[in-house]
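Q: I have a structure open beside its sequence, and I would like to learn how to read it feature by feature. Could we go through it together?

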Amino acid sequence: MADSLFAAGQYAAAAPVYHQQVWGQQRVSAALLLKMAYAQQQLGHYPAALLYLSFAQARQPRVHTWRQMAALAAQHRLVGYPATWQQELRVQAQRYYYPGLQALLAGAVVGAIWLLWRRGPRGAWLGYAAYVALLGTYLHALRPVPAGLVARSGAALMAGPGAGAAWLSTAALGDRLPVLGRQDIWYRVEWQRRVAFVRAADLLVVE
């Protein structure tokens, strides 16, 4: 039903049905999320469109999806959506992060078993140590970082996790901030290459 309404361009009618499907199901496809994002964008609800695009990107990283997010963010002068080749390269790497991680871990296990079984020489163990170091670098450099979308216009960015901390800036509705952690009712985020804090109620975190 929703797909037929969507195909007919009746986005106002299709959006509630998609909404129920998205929030009522534990497993949602990236294709459904992208349809919901498109419907919200056609209805002029850009924060909701960015949210569903972010969900789709977290579930299935794609350069095309990121470009949609960056273009929509640029229209509304939002931060956190770099339209650079470095970001697109990172998106491509994240697309293959988990398959690559599984392959590297399998290689580490097989290598350890082989070295123990064959009583490998010192040089072989040094090579294995270098491989494990490469695995650690892969985990650290390419691991997916949770991002938060500002859910309230005028959300305050503070220097510390408290209302008495110094005020740094005001975030716009839809701004995207990397989430570094949480302290009580505050999220610790990255803002202009520094650490800032925003109330948890003002941020929607996309894993």
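A: Gladly! Let's start with burial: a residue counts as buried when its relative accessible area is under 20%, as exposed when over 50%, and as partly exposed in between. Keep in mind that this is a predicted model. Ser169 has a relative accessibility of 17%, so Ser169 counts as buried.

Q: Where is Ser169 placed, and with which residues is it in contact, leaving aside neighbours within four places in sequence?
A: Contact means heavy atoms within 4.5 Å. Ser169 sits in strand 3, which runs over residues 167-171. Leaving aside neighbours within four places in sequence, Ser169 is in contact with Ala155, Ala156, Leu157 and Trp191.

Q: Stepping back, how many helices and strands are in the chain?
A: The chain has eight helices and seven strands. Of its 207 residues, 36% are buried.

Q: How do I read the radius of gyration of the chain against that of a compact globule?
A: Set the value for the chain beside the value from the globule rule. Here the chain has 21 Å, while a compact globule of 207 residues would have a radius of gyration near 17 Å.

Q: What share of the contacts in the chain with a separation of 6 or more comes from residues 24 or more positions apart?
A: Such residues account for 54% of those contacts.

Q: What can I say about the surface and the charges?
A: The accessible surface of the chain is about 12300 Å², and carbon and sulfur atoms hold 58% of it. As for charges, there are 19 positive and 7 negative side chains, and the centres of the two sets are 11 Å apart.

Q: Now the aromatic rings: how many aromatic pairs does the structure hold?
A: Rings pair if their centres lie within 6.5 Å, and planes over 60 degrees apart count as edge-to-face. The structure holds eight aromatic pairs. Phe6 counts as buried at 17% relative accessibility, and Tyr18 counts as buried at 1%.

Phe6 also forms an edge-to-face pair with Tyr38, at 5.8 Å centre to centre and 65 degrees between the planes. That pair links helix 1 with helix 3 (residues 30-42), where Tyr38 lies, across 32 residues. Tyr38 counts as partly exposed at 36% relative accessibility.

Q: Which residues form one aromatic cluster?
A: Phe6, Tyr11, Tyr18 and Tyr38 do.

Q: Is Trp117 buried or exposed?
A: Trp117, in helix 7 (residues 97-118), has 65% relative accessibility and so counts as exposed. Compare sequence with space here: Trp117 and Gly80 are 37 residues apart in sequence, yet their C-alpha atoms are 50 Å apart.

Q: Finally, backbone angles: where is Arg77 placed, and what is its phi?
A: Look for a positive phi in residues other than glycine. Arg77 has a phi near 55 degrees and is placed in the loop between helix 5 (63-75) and helix 6 (85-95). At 78% relative accessibility, Arg77 counts as exposed. Gln192 also has a positive phi, about 50 degrees, and lies in the loop between strand 5 (186-191) and strand 6 (194-199). With 62% relative accessibility, Gln192 counts as exposed.

Technical notes: Residues numbered from 1 in each chain as written. Predicted model: local features only at pLDDT ≥ 70, side-chain atom pairs only at ≥ 80, totals over all residues. Heavy atoms only, no water. Helix = DSSP H or I, 4+ residues; strand = E, 2+ residues; numbered from the N terminus. Rg over C-alpha atoms; globule rule 2.2 N^0.38 Å. Buried < 20%, exposed > 50% of the residue type's maximum accessible area, 1.4 Å probe, protein only. Areas by Shrake-Rupley, 256 points an atom, 1.4 Å probe, with all protein chains shown as cover. Lys, Arg positive; Asp, Glu negative; His and termini not counted. Charge placed at Lys NZ, Arg CZ, Asp CG, Glu CD. Phe/Tyr/Trp six-rings, centres within 6.5 Å; stacked < 30°, edge-to-face > 60°.
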